[in-house]
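The sequence and structure are shown first.

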Amino acid sequence: MISATSADHPARAEAARDAAMTAHAERAEQGAPPPSAERYRALVDAHFDVIWRSLRGLGVPAGSAHDAAQHVFLIAYHKLSEMAPGRERSFLLGTALGVAANARRAGARRRRGGVPLGARRLRQEVPPERDGRGCSGR
């Protein structure tokens, strides 16, 4: 059973808040209105452990779950003004689903050595022996 709470991972929750504060500074430089820092802090404090466990349950390896959770909360930070009050958990879980899918695909690419799946199939279809004319065995 996967168990993680904000108390178990205070540094992880703090890192998610720090990433959002960096994004906050970038938004301020661009003249965009900042989301409520208090609302975001409450969002991270209330949902970080659920999102981290959900990412693990969705197949994100333990070593990548921290980065994936930060990514979820960074997206949430940018979309905070669009997020309906009371629907935050739903938004975060939906975002975690997409982030987990991307993390699994990235892991699969790393295991394949970075070769796109289509290129691998093409290499398998090419005959191993070819003569100088581009035809095999004639």
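This is a predicted model: local features need pLDDT of at least 70, side-chain atom pairs count only at pLDDT 80 or more; totals for chains, interfaces and linings use all residues.

| Helix | Residues | First to last C-alpha | Expected at 1.5 Å a residue |
|---|---|---|---|
| α3 | 18 residues | 26 Å | 26 Å |
| α4 | 24 residues | 34 Å | 34 Å |

In α3 the span is close to the expected value, and that of α4 is likewise close to its expected value.

α2 and α3 pack with their axes 9 Å apart, at an angle of about 140 degrees. The crossing of α2 past α3 is right-handed. On the α2 side, the contact is made by Tyr-40, Leu-43, Val-44, His-47, Phe-48, Ile-51, Trp-52, Leu-55 and Arg-56. α3 contributes Ala-62, Ala-65, His-66, Ala-68, Ala-69, Val-72, Phe-73, Leu-74, Ala-76 and Tyr-77. By class, this contact of α2 with α3 comprises 16 nonpolar, two polar and one charged residues.

The buried residues of α3 include Ala-65, His-66, Ala-69, Val-72, Phe-73, Ala-76 and Tyr-77. Gln-70 of α3 is also buried.

α4 runs over residues 88-111. Its buried residues are Glu-88, Leu-92, Thr-95, Ala-96, Val-99, Ala-100, Ala-101, Ala-103, Ala-106 and Gly-107. An α-helix has 3.6 residues a turn, so residues three or four places apart point the same way. The cover over the buried residues of α4 includes α2 (37-57) and α3 (62-79). Just after α4, Gly-113 has a positive phi of about 85 degrees.

Note on methods: Residues are numbered from 1 along each chain as its sequence is written. Side-chain values use heavy atoms; hydrogens and water are left out. Helices (H or I, at least four residues) and strands (E, at least two) are DSSP runs, numbered from the N terminus. The expected span of a helix is 1.5 Å times one less than its number of residues. Buried means under 20% relative accessible area, exposed over 50%, partly exposed in between (1.4 Å probe, protein chains only). Contact means heavy atoms within 4.5 Å. Axes are lines fitted to C-alpha atoms, for helices over the stretch in contact, and angles run from 0 to 180 degrees between N-to-C directions. A crossing is left-handed if the near helix is turned anticlockwise from the far one by less than a right angle, and right-handed if clockwise. Ala, Val, Leu, Ile, Met, Phe, Trp, Tyr, Cys and Pro count as nonpolar, Asp, Glu, Lys and Arg as charged, and the others, Gly among them, as polar.
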